[in-house]
Amino acid sequence: MQKILNYINGALVEPVSGNYLENYNPAEGKPYSLVPDSDAQDVQHATEAAQRAFGAWSAMPVEKRSAILQKIADLIDRDLEKLALAESTDQGKPVKLAKAVDIPRASANMRFFATAAIHFSSEAHITGQEAINYTTRTPVGVAGCISPWNLPLYLFTWKIAPALAAGCTVVAKPSELTPMTAFLFSKLCLEAGLPPGVLNIVHGLGQKAGQAIIEHPDITAISFTGGTVTGKKIAATAAPMFKKLSLELGGKNPNIIFADCDFENAVSTSIHSSFSNQGEICLCGSRIFVERAIYNRFVEEFVSRTKKLVVGDPQDEQTKVGALVSEAHLKKVLGYIDLAKQEGGTIHTGGKQLKLNGRCADGYFMEPTIITGLSHSCRTNQEEIFGPVVTIMPFDTEEEVLEYANSTTYGLAATIWTENLKRAHRVAANIKSGIIWVNCWLFRDLRTPFGGMKQSGVGREGGFEALKFFTEAKNVCVKL
Ligand code: NDP
């Protein structure tokens, strides 16, 4: 079976303990490779390598640093097909989706931050006739970057690209459920000539390798994307150590559809925002609120189109919904279907595991699921499910839907469908979410801040803000 290796000090190495975990292909329900079960010893080696590399990397002319990162982006583009297949095999998503979204966005992350760093500027303030204040920004040192399993290479690069571009060196850990693209990425770094120790990738469990990164005293900034419960644990460790902390966490995003919307666009985009990547995108709209005047029409059309979505082999071109990432996650999502039924919900379509034939006979597939008849305050509508499951609820007034939309502890993203410009701005202003899409979904401009409010995260990053996160500001005040 293929062995994934750690990437430490510019070499692909076995974990010190020699222990490995099985890496599953969720579409087949069986292991297909081995991933290092790294521990604190591996993190120690990675951190020492990152510390040694920091001086030269942070002092390297930014144009040269940028050229290496852009070269990595070029290599990602070159290997699009191979990376998309690997991402799908690890995660269960359709290869077609990985090819269209995950991998191109991974190279876009590298390219964006590589070029943004060249144009990064710091501020100066003239204080009357008395003084000049100028601010310098220097990289924080060794950064720890931890990413989840849902968009493996996309979110891995979203963490490491700004850190590397800002001049930090990095110890990173991808999710142990989806390590393959990060492994292939380490090979691309070698090919692109990234100096040894600048990026170190330690594979393994969150509780072990991840926790060792968070606890390491020489890792001074932590950039984490994952669940809110894990985020709390990480904050509890890192905050008393006074580490810089960026947390991008869970969501329970509202998708608000007013009667005056472009109906066709609202329905077709809502299919994507509900079920893309098996609903395993933190930005998916899992609570759909529809104005009563079009509620029945929307439910009918939405259910009918959802029934036509092809759930199948991720390698099949026709497949729209692939496998869930793991058996444990499938069980968790199915557990929420049981909860929804107990809470009085009506399942319009889906709600069950799906058994396929052939190579996918043991895979973790389930039907896209639509539930109505629930109150906005029940657990099904308050907790993150993170699967192909949406609820639909009617509303009568703008005030009412704002109350529903804002009623969870999360505040990551929201979508609004209306042709009324004033209403669009008014509702956007009153929803407590870090990202609001009006008449679209998942559209991204990397210059904008990204991240959630409330328990969806802290330290919103985006564009130059992400570069700033990995630097420390110093102000120099010169008396005139
Ligand atoms: P987890 O929080 O379970 O894991 C995220 C990462 O943290 C994994 O690499 C995990 O390793 C690691 N980890 C777990 N425990 C610790 C620990 N104690 N110390 C350090 N690292 C640890 O999230 P999932 O992987 O399940 O991802 C899904 C979640 O991510 C959802 O809640 C989703 O909303 C959120 N998310 C948020 C996004 C955002 O931008 N706001 C974007 C995408 C997802 P391991 O896998 O080995 O346990």
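Predicted model: local features only at pLDDT ≥ 70, side-chain atom pairs only at ≥ 80, totals over all residues.
Where does the ligand lie relative to domain 1 and domain 2? Domain 1 covers 2–249 + 456–479, while domain 2 covers 254–446. Residues from both domains join the shell around the ligand, and therefore the ligand lies between them.

Now take a look at the shell itself. The ligand is surrounded by 32 residues, and E176, T230, L249, C282 and E384 are the closest.

At least two shell residues come from each of α7 (206–215), β11 (219–225) and α8 (228–238). Which element supplies the largest share of the shell? That is α7, with four residues.

Next, zoom in on some individual contacts. T230 places a polar side-chain atom 2.6 Å from an oxygen atom of the ligand. W149 also uses its side chain: an N or O atom there is 2.8 Å from an oxygen atom of the ligand. With L249, look at the backbone instead, where an N or O atom lies 2.7 Å from a nitrogen atom of the ligand. How much of the ligand's exposed area does the protein bury? On its own the ligand exposes 900 Å², and the protein buries 90% of that.

Methods: Residues numbered from 1 in each chain as written. Heavy atoms only, no water. Near = heavy atom within 4 Å. Polar contact = N/O pair within 3.5 Å; in protein donor to acceptor, adjacent residues only side chain to side chain. Areas by Shrake-Rupley, 256 points an atom, 1.4 Å probe, with all protein chains shown as cover. Domains from an automatic or database assignment.
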